[in-house]
Amino acid sequence: MRRSPALAVGGAILALVLVLGLVAPWITPYPTTEQHMLERLKAPGTRFVLGTDQYGRDLLSRTLVGARPALVLGLGAVALGLALGVPIGLLAGYVGGRLDDLVMRLMDAMLAFPSLLLALLIITALGASLSHALLAIGVANAPGVARIVRSATLALREAEFVLAARARGERHVYVMFGEIFPNVLAPVIVESTVRVGFAILAGASLSFLGLGVQPPTSDWGLMIREARHYVFLSPWPLLVPGAALAVTIVAFNLFGDGLRDRLGAT
């Protein structure tokens, strides 16, 4: 805690969010789709701890269960971005020359589009769903990951241990993934933790626009979208999922910053 308070605080909040997301179906006081029409837009109280939404659904139950699609989307999209971006960056940085120029110009062209806009284009072509949102955000993350890996690979491809592996007659695939990749893993891990928060925010934005998670599934972005028409009658349906989204994103950013400090110190 003394050496890296950001890492400790961020890690503790993330652990709590992950645990609550995993056990949510078994600890929610009410089913997420159960409506109490006589209790619509209630403020927090003894029966409904965080209040109810416009259909009388329990906000605590929906917020806890809503952590699941947010985490699946954030972690899954970043994992997909790594699966696409790491091999591209390694290949471009290791081979160099015209291939590097061609690949990086393609990545630059993708980076020219804002990631959310690129995700919107992909979802418009494929249709609105959680899996398509995950695919769109993952593809939008790949160019940034590829650029980071490529930069680190360029700095290492002439290192002594790489030259020794080539002298032993090792295959290029082994040199890239067995020698270079372990040495670029630290910045990739740090970048990934920060990108998860942005991926969760992008997923919530897509749900808010009606292009991500679809009703009646509990999702923070979707809950905010549904609550915006009733904010002057009751702010709780908007504040509760908004606070959960903000705390989760801040936790990932704190964890990433603390991890960067620790890995940079070592």
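The following paragraphs describe the overall build of a predicted protein model and then several of its residues and salt bridges.

Because the model is predicted, local features need pLDDT of at least 70 and side-chain atom pairs count only at pLDDT 80 or more, whereas totals for chains, interfaces and linings use all residues. Residues are numbered from 1 along each chain as its sequence is written, and side-chain values use heavy atoms, with hydrogens and water left out.

The protein has nine helices and zero strands, where helices (H or I, at least four residues) and strands (E, at least two) are DSSP runs numbered from the N terminus. Along its principal axes, the C-alpha trace spans about 75 × 50 × 30 Å. Of the 266 residues, 44% are buried; buried means under 20% relative accessible area, exposed means over 50%, and partly exposed lies in between, with a 1.4 Å probe and protein chains only. Among the contacts (heavy atoms within 4.5 Å) with a separation of 6 or more, 70% come from residues 24 or more positions apart. The protein exposes about 13200 Å², of which carbon and sulfur atoms supply 68%, as computed by the Shrake-Rupley method with a 1.4 Å probe, only the protein chains shown counting as cover for residues.

Ser-61 lies in helix H2 (residues 59–95) and is buried, with a relative accessible area of 0%. Leaving aside neighbours within four places in sequence, Ser-61 is in contact with Thr-28, Pro-29, Tyr-30 and Thr-32, and a polar atom of the Ser-61 side chain lies 3.1 Å from the backbone oxygen of Tyr-30. Asp-108, in helix H3 (residues 97–111), is partly exposed at 26% relative accessible area. The side chain of Asp-108 makes a polar contact of 2.6 Å with the side chain of Arg-147; such a contact is a pair of N or O atoms within 3.5 Å, in which, within protein, one must be able to donate a hydrogen and the other to accept it, and residues adjacent in sequence count only if both atoms are side-chain atoms. Although Asp-108 and Gly-144 are 36 residues apart in sequence, their C-alpha atoms are 9.0 Å apart in space. Ala-186, in helix H7 (residues 172–208), is partly exposed at 32% relative accessibility, and its C-alpha atom is separated by 8.4 Å from that of Arg-260, which is 74 residues away along the chain.

A search of the whole structure finds 10 salt bridges, each being a side-chain nitrogen of Lys or Arg within 4 Å of a carboxyl oxygen of Asp or Glu. Asp-53 forms a salt bridge with Arg-57, with the closest N and O atoms 2.8 Å apart; Asp-53 is buried at 3% relative accessibility, and Arg-57 is buried at 5%. Arg-57 also meets Glu-226 in a salt bridge (3.2 Å, N to O). Glu-226 lies in helix H8 (residues 220–227) and Arg-57 in the loop between helix H1 (5–27) and H2, so the pair ties together parts that are 169 residues apart in sequence. Within helix H7, Glu-191 and Arg-195 are four residues apart and therefore separated by about one helical turn, and their side chains meet in a salt bridge (2.9 Å, N to O). Glu-191 is partly exposed at 22% relative accessibility, whereas Arg-195 is buried at 17%. Salt bridges that share partners join Asp-53, Arg-57, Arg-62 and Glu-226 into one network.
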